[in-house]
Amino acid sequence: MAEDAVGDTPPQWCVSQKATMASWALGAILAMLASLIIAANVLVAIVLLCHIQKSGSKGLCFVLNLALADAMVGFTVMGLAMDELSQPFHPSQNFCILRMAFVTSSSAASILSLILVACDRHLAIRKPFHYFQLVTGLRVGVCVVGLWLVAATVGFLPVFIPRFQRVNNHWKCSFFNVFHPSYMLTMFCFGFFPALFLFLYLYCDMLKIASVHVQHILEVEQAGLGGGCPPPRATSDMKAMRTVALLIGCFTLSWLPFFITGVVQMVCSECFPYKVIENFFWLLGLGNSLLNPLLYSYWQRDVQLQLSQLAAGVKRRLLLHLGSTRCFPGRDTKALPAVSCLELQD
């Protein structure tokens, strides 16, 4: 009987090999996700910075800050990916706490930046005539600095308060291994859920205003005063409604499962396995940092134009470079003017 029991138990090297393969798979997924997050947000940040310098738009500074916060999320996730790919890896308790504090701070900055963008758009719709008087450079700077201070406070609170730390000899750096449930519950209930409700209220109110505008325009059109084709205002408002609904849906579906299951797991540790939360729901929340640059750049028409101009400029330079290297190879390039290469390409 003892031999059968031993034979039914998988060998230790097999369990260790499976754990290593799982860590490699998770590390590869995190590295790919982090690379996409960094590339997308850095590109959008460059485009936004160029457009802000040209137009002087203060409201786009909030979208720029969102791109920078999401890029920081990508950098912190890349560190976690390197930890997974470096197994066996036995970090210290202080290292894990600092690593997860940076992850939490950058994620909090991303969520708070979404709130600032929502407040800016809501103010532009509610008070369009006073918007440029209210949104000044000084106020934008104060809001951005305050946002990062709040995000750093939320993320590094367990570093300064040992009561919020959990002493664990487990090798993996994760939320539930280094943070005490009291800190997680406080952050969820007093941080995320109020921010979620505020985010939903602002965008639902904007959705209501846009729907009222569309209804009024359609009534005018039905009365025969709007012409045969839909007016541009109705088309833009319908597009704004679809974009706002998409923003609400993506943000809610990205982060809500992680926070709800996290609260359930803290209250009842046996009700929901935390590995599912960390390996699946947390990755879903991180995916929001990849969706943000795509959604908000699609929402801003000026950003779309700047992106197309940037792509056209890169394509033009690439064609010029290829044309200059392919035209009459082996001869002296000084003897041939650059115009002849362009003419040959045409």
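Analyst: A disulfide is a pair of cysteine sulfur atoms within 2.5 Å. By this rule the count here comes to 0 disulfides. This is a predicted model, where local features need pLDDT of at least 70, side-chain atom pairs count only at pLDDT 80 or more, and totals for chains, interfaces and linings use all residues. Residues are numbered from 1 along each chain as its sequence is written, and side-chain values use heavy atoms, with hydrogens and water left out.

User: What elements does the protein have, and how do you know what counts as one?

Analyst: The protein has 12 helices and 0 strands. Both are DSSP runs numbered from the N terminus: helices are H or I with at least four residues, strands are E with at least two. From the N terminus on, the elements run α-α-α-α-α-α-α-α-α-α-α-α.

User: Why is Ser113 called buried?

Analyst: Its relative accessibility is 0%. Buried means under 20% relative accessible area, exposed means over 50%, and partly exposed lies in between (1.4 Å probe, protein chains only). Ser113 is under the 20% limit, so it counts as buried. Ser113 sits in helix H4. Leaving aside neighbours within four places in sequence, Ser113 is in contact (heavy atoms within 4.5 Å) with Asn65, Leu66, Ala69 and Leu147.

User: Is Ser107 buried or exposed, and what does it touch?

Analyst: Ser107 has 10% relative accessibility, so it counts as buried. Ser107 also belongs to helix H4. With neighbours up to four places away in sequence set aside, Ser107 is in contact with Val73 and Trp255.

User: What makes Phe95 partly exposed?

Analyst: Phe95 has a relative accessible area of 32%. Phe95 is found in helix H4. In sequence, Phe95 and Cys173 are 78 residues apart, and their C-alpha atoms are 8.5 Å apart in space.

User: How do you know whether Cys204 and Cys250 are buried or partly exposed?

Analyst: Cys204 has a relative accessible area of 42%, which means it is partly exposed. Cys250 has 17%, so it is buried.

User: Why is Leu283 called buried, and what lies around it?

Analyst: Leu283 has 16% relative accessibility, so it counts as buried. Leu283 is in helix H10 (residues 274-299). Not counting residues up to four places away in sequence, Leu283 touches Leu26, Ile29, Leu30, Leu33 and Glu278. One of these, Leu33, is 250 residues from Leu283 in sequence, yet the C-alpha atoms are 8.7 Å apart.

User: What share of the residues in the protein is buried, and what share of contacts joins residues at least 24 apart?

Analyst: Buried residues make up 40% of the 346 residues. Among contacts between residues at least 6 apart in sequence, 75% join residues at least 24 apart.

User: What is used to describe two packed helices?

Analyst: Two packed helices are described by the angle between their axes and the distance between the axes. Axes are lines fitted to C-alpha atoms, for helices over the stretch in contact, and angles run from 0 to 180 degrees between N-to-C directions.

User: Why is H3 called roughly parallel to H6?

Analyst: Helix H3 (residues 60-85) and H6 pack at an angle of about 20°, with axes 11 Å apart. That makes H3 roughly parallel to H6, because angles under 35 degrees count as roughly parallel, over 145 as roughly antiparallel, 65 to 115 as roughly perpendicular and the rest as oblique. In this contact, Cys61, Phe62, Asn65, Ala69 and Met72 of H3 meet Val140, Cys143, Val144, Leu147 and Trp148 of H6. These residues divide into 9 nonpolar, 1 polar and no charged. Here Ala, Val, Leu, Ile, Met, Phe, Trp, Tyr, Cys and Pro count as nonpolar, Asp, Glu, Lys and Arg as charged, and the others, Gly among them, as polar.

User: Why is H3 called roughly antiparallel to H4?

Analyst: The axes of H3 and H4 come within 8 Å and cross at roughly 155°. That angle is over 145 degrees, so H3 is roughly antiparallel to H4. The contact residues divide into 15 nonpolar, 7 polar and 4 charged.

User: Where does H6 meet H4, and at what angle?

Analyst: The axes of H4 (residues 93-126) and H6 (residues 137-160) come within 8 Å and cross at roughly 150°. Among the residues that meet are Ala101, Ala108 and Leu112 in H4, and Leu147, Ala151 and Gly155 in H6. The whole contact divides into 16 nonpolar, 4 polar and no charged residues.
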